Amino acid sequence: MEIREVFARNLRAARRAKGLSQEELAHRAEIDRTYISSLERSIYNASIDVVDRLATVLGAEASDLLKRPAGQSKKSPGSSGNK
């Protein structure tokens with residue numbers, strides 16, 4: 001799973017857990033609602049500043065929005081794992 005997809009899933013889950021609409025999250029983070037939608041659909045990459053702003057509004061750490069689900073590896077099949 002690409003990091004953009006990980007972020008999208010975690011962002012959507014955190015937003016829903018807080019009971020926020022995309023519009024309310026966007027308003028609180030001072031970001032356009034369509035940008036939130038695009039992030040949740042893995043259309044755009046978020047800057048580290050935007051990740052931090054969203055995490056702050058969601059009451060989370062920025063790193064929480066980038067954590068892969070348990071059991072998920074960033075290695076693709078056939079990779080040596082040496083990076």
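1. Contact here means heavy atoms within 4.5 Å. Helices and strands are DSSP runs, numbered from the N terminus (helices are H or I, at least four residues; strands are E, at least two).

2. This is a predicted model, where local features need pLDDT of at least 70, side-chain atom pairs count only at pLDDT 80 or more, and totals for chains, interfaces and linings use all residues. Residues are numbered from 1 along each chain as its sequence is written, and side-chain values use heavy atoms, leaving out hydrogens and water.

3. The buried residues of helix 4 pack against helix 1, helix 2 and helix 3. Buried means under 20% relative accessible area, exposed over 50%, partly exposed in between (1.4 Å probe, protein chains only). Val50, Val51, Leu54, Ala55 and Leu58 are the buried residues in helix 4. Down the helix axis they fall within an arc of 135 degrees, so they line one face (the arc uses directions from the axis to the C-beta atoms). Ile48, Asp49 and Thr56 are exposed on the other side. Gly59 follows helix 4, with a positive phi near 70 degrees.

4. The largest nonpolar core has 16 residues. Such a core is a set of buried Ala, Val, Leu, Ile, Met, Phe, Trp, Tyr and Cys residues joined through side-chain atoms within 4.5 Å. Phe7, Leu11, Leu25, Leu54 and Leu65 have the most contacts inside it. Helix 1 (3-17), helix 2 (22-29), helix 3 (33-40) and helix 4 (48-58) each supply at least two residues. Helix 4 gives the largest share, 5 residues.

5. Not counting residues up to four places away in sequence, Arg15 touches Leu20, Ser21, Gln22, Leu25, Glu40 and Leu58.
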